[in-house]
Amino acid sequence: MRRVIQFFLTSSFTGRSTKALLATAISLSLLGGAANVALLALVTRRLSGDSNASWTFIAALLGLGALLGITRGAAQYLLTKVTIDTLVALRTAFCKEVTAAPLAVLEHLGSARLTAAFTENMPAISNALVQLPNVILYAIVAGGSIVYMGWLSWQALILILAAGAIFLVSTASSTIVHR
């Protein structure tokens with residue numbers, strides 16, 4: 001995912017407005033992640049009996065839910081716009097390169113390779129970028145949940161992190177063995 005962001009930031013196809021849209025989308029995703037963590041903490045407090053169902057609780061619940069929905073929707077919209085604009089620029093530049101290339105080079109590359117570059121590689125880039133808000137949102141939720149769990153019980157946090165580490169190591173080692 002880092003490579004996709006880096007591509008969009010350093011690409012000659014993206015202008016200042018595209019970079020600003022990308023930065024805004026990432027910021028909205030971060031805000032949405034924070035709203036999601038706050039919503040989780042609010043509901044957890046309510047379920048544990050630490051707060052009552054007052055108008056403040058209901059307003060906070062609705063407000064955080066609305067903020068989460070708006071930030072996710074806006075980030076998705078902005079990233080879709082960035083993706084479409086960049087894909088149009090990439091495809092236009094690719095077509096210019098192909099039409100400017102000597103016939104011998106095109107024959108050497110072959111139509112299958114050119115078609116694959118045009119129809120498979122460019123959509124792969126756009127699909128990766130469209131997933132960016134979800135990646136950021138869930139990373140913030142995971143980080144916030146870990147902090148919240150540590151605040152509730154550091155012993156449970158250590159136990160869960162150790163179990164997670166064991167799971168990751170066993171999964172990684174079984175993947176390596178099967179290759």
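Colleague: Which helix does N36 lie in?
Modeller: Helices are DSSP runs of H or I, at least four residues, numbered from the N terminus; strands are E runs of at least two. N36 lies in helix α2, residues 16-47. This is a predicted model: local features need pLDDT of at least 70, side-chain atom pairs count only at pLDDT 80 or more, and totals for chains, interfaces and linings use all residues. Numbering starts from 1 along each chain as its sequence is written, and side-chain values use heavy atoms, leaving out hydrogens and water.

Colleague: How many helices and strands are there in the chain?
Modeller: The chain has seven helices and zero strands. Along the sequence the pattern reads α-α-α-α-α-α-α.

Colleague: Is N36 buried or exposed?
Modeller: Buried means under 20% relative accessible area, exposed over 50%, partly exposed in between (1.4 Å probe, protein chains only). N36 counts as buried because its relative accessibility is 18%. Across the chain, 25% of the 179 residues are buried.

Colleague: Which residues does N36 touch?
Modeller: Contact means heavy atoms within 4.5 Å. Leaving out residues up to four places away in sequence, N36 touches L68, L137 and V141. For the whole chain, take contacts with a separation of 6 or more: 76% of them join residues 24 or more positions apart.

Colleague: Why does the span of α3 agree with its 46 residues?
Modeller: The expected span is 1.5 Å times one less than the number of residues. Helix α3 covers residues 55-100, so its 46 residues should span 68 Å; the end C-alpha atoms are 67 Å apart, which agrees.

Colleague: Which residues make the largest nonpolar core?
Modeller: A nonpolar core is a set of buried Ala, Val, Leu, Ile, Met, Phe, Trp, Tyr and Cys residues joined through side-chain atoms within 4.5 Å. The largest has seven: A35, L39, L42, F57, L64, L68 and L137. Helices α2 and α3 each supply at least two of this core's residues. Apart from it lies another core of six residues, among them L22, L28, A75 and L78.

Colleague: What is L64 in contact with?
Modeller: Beyond neighbours within four places in sequence, L64 contacts A35, A38, L39 and L42.
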